[in-house]
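Please keep the structure in view while reading.

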Amino acid sequence: MSVIEVSELRKSYGGRAVVDGVSFAVEEGEIFGILGPNGAGKTTTVECVEGLRVPDAGRVRVTGLDPIADHEQVTRVLGAQLQQSELQAKLTVREALELYATFYPRPADWRPLAERLGLTEKLTTRFAKLSGGQKQRLFIALALVGNPRIVVLDELTTGLDPRARRDTWQLIEDVRAGGVTVLLVTHFMEEAQRLCDRIAVIDRGRIAALDTPEGLIRRSAGATVVSFLPSAPLDERELDALPELASLAAKDGRITLSGTDATVNAVITLLARHHITAHQLRVTDATLDDAFLDLTEATA
């Protein structure tokens, strides 16, 4: 069942279309990613979902509710961690949790929530004294304290060190395991590839692609990359004729090409036919980075 439905969403500022006909649906229980470069329209899109901005055109529904007309009801089912979040410097973790709990008619018990997010030992710590990772944990707790069915996390791990980022990824997976649907906005490819069930790639206000991470990678022009030093020269015309070849480069004797599994098999056959050995052979799969670059370049 779709818990978020966005259809032909449009939003402009100063005559410039920031969101230009975006449509997608988020299914209950999934981690749905919105991926794109800075300025692509990701945050504006989710702010329309949250009811923080009024769309110029299009339709948005959250569990069947209009985020603008039914804003109060939407806040009871949707929790949000905004892209730029701050609290008063002297507010303690306990005070923040108690305060936010009063905003909802049936809030979660913040004590087990704090324990689950590793905040129990920081309850008396002021916000200004928290580390970046601890602040992010607190923002997740504040987004969940209202017992939402859906939580929106916008650029959650920006500015975190690699360890804190990976810890936060585990928290997001735990949140989904607890039955909460997650709408995740990010520009980190590794983050999206690890966490998301499906991803909408937004570029220049439009959806360039919507698929699973694996599906997006399969769309990449060069899903597999092969690199090797041949023991004898190869005729480039034969390499150019390889099936499903996406790219070919030769530098300092090393040949690097990208394509599909069919390309790899054809390379192996070609080398065997000419009794050529592939020294320092490397075969790597494409990543979401590769697919993203292909998709966004295609819409440029």
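This is a predicted model: local features need pLDDT of at least 70, side-chain atom pairs count only at pLDDT 80 or more; totals for chains, interfaces and linings use all residues.

## A pair of helices

Helix H5 passes helix H6 in a right-handed crossing. H5 covers residues 132–144 and H6 covers residues 162–177; their axes come within 10 Å and cross at roughly 15 degrees. An angle under 35 degrees counts as roughly parallel, and H5 and H6 are therefore roughly parallel to each other.

Which residues of H5 and H6 meet? On the H5 side they are Gly133, Arg137, Ile140 and Leu144, and on the H6 side they are Ala164, Asp167, Thr168, Leu171 and Val175.

## The chain as a whole

The chain has 300 residues, and 46% of them count as buried. It contains 11 helices and 13 strands. Its C-alpha trace spans about 75 × 45 × 35 Å along the principal axes.

Contacts in the chain can also be sorted by the distance between partners along the sequence. Of the contacts with a separation of 6 or more, 68% are between residues 24 or more positions apart.

## The sheet of six strands

In what order do the strands of the open sheet of 6 strands lie? The order is S5-S6-S7-S3-S8-S9, and the pairing is mixed. Strand S5 (78–81) and strand S9 (206–211) are the edge strands, each pairing on one side only. From one strand to the next, the twist averages 15 degrees.

Strand S3 (residues 31–35) and strand S7 (residues 181–186) run parallel and are joined by 5 bridges. Helix H5 packs on the sheet, where it touches S5 and strand S6 (150–154), and its direction makes about 160 degrees with that of S5. Helix H6 packs on the sheet as well, touching S3, S6 and S7; the direction of H6 makes about 155 degrees with that of S7.

Is strand S3 mostly covered or mostly exposed? S3 is mostly covered, as 5 of its 5 residues are buried. Ile31, Gly33 and Leu35 lie on one side of S3, Phe32 and Ile34 lie on the other, and both faces are covered.

Particular pairs of residues show how S3 is placed between its partners. Ile31 stands opposite Val182 in S7, and Phe32 stands opposite Leu183 in S7. With S8, strand S3 pairs in the parallel sense over 4 bridges. The bridge partner of Gly33 in S8 is Ile199.

## Ala200, a buried residue

Ala200 is found in strand S8 (residues 198–203). Why does Ala200 count as buried? Buried means under 20% relative accessible area, and Ala200 is therefore buried, with a value of 1%.

Apart from neighbours within four places in sequence, Ala200 is in contact with Phe32, Gly33, Ile34, Leu35, Ile207, Ala209 and Leu210. The C-alpha atoms of Ala200 and Val22 are separated by 9.7 Å, although these residues are 178 residues apart along the chain.

## The sheet of three strands

A further open sheet has 3 strands in the order S2-S1-S4, with antiparallel pairing. Strand S2 (16–27) and strand S4 (57–62) stand at the edges with a single partner strand each, so one side of each has no neighbour in the sheet. The twist in this sheet averages 15 degrees from one strand to the next.

Strand S1 (residues 2–13) pairs with S4 in the antiparallel sense over 5 bridges. Within this pairing, Arg61 in S4 is the bridge partner of Glu5. Helix H1 (residues 42–50) packs on the sheet and touches S1, S2 and S4; the direction of H1 makes about 120 degrees with that of S1.

## A hairpin

Strand S11 (residues 247–251) and strand S12 (residues 254–259) run antiparallel, and 5 bridges join them. One of the bridge pairs links Ala249 with Thr256 in S12. How many residues lie between S11 and S12 in the hairpin? There are 2 residues between them, and Asp252 in the turn has a positive phi of about 55 degrees.

Notes
Residues are numbered from 1 along each chain as its sequence is written. Side-chain values use heavy atoms; hydrogens and water are left out. Axes are lines fitted to C-alpha atoms, for helices over the stretch in contact, and angles run from 0 to 180 degrees between N-to-C directions. Angles under 35 degrees count as roughly parallel, over 145 as roughly antiparallel, 65 to 115 as roughly perpendicular and the rest as oblique. A crossing is left-handed if the near helix is turned anticlockwise from the far one by less than a right angle, and right-handed if clockwise. Contact means heavy atoms within 4.5 Å. Two strands pair if DSSP finds at least two bridges between them. Buried means under 20% relative accessible area, exposed over 50%, partly exposed in between (1.4 Å probe, protein chains only).
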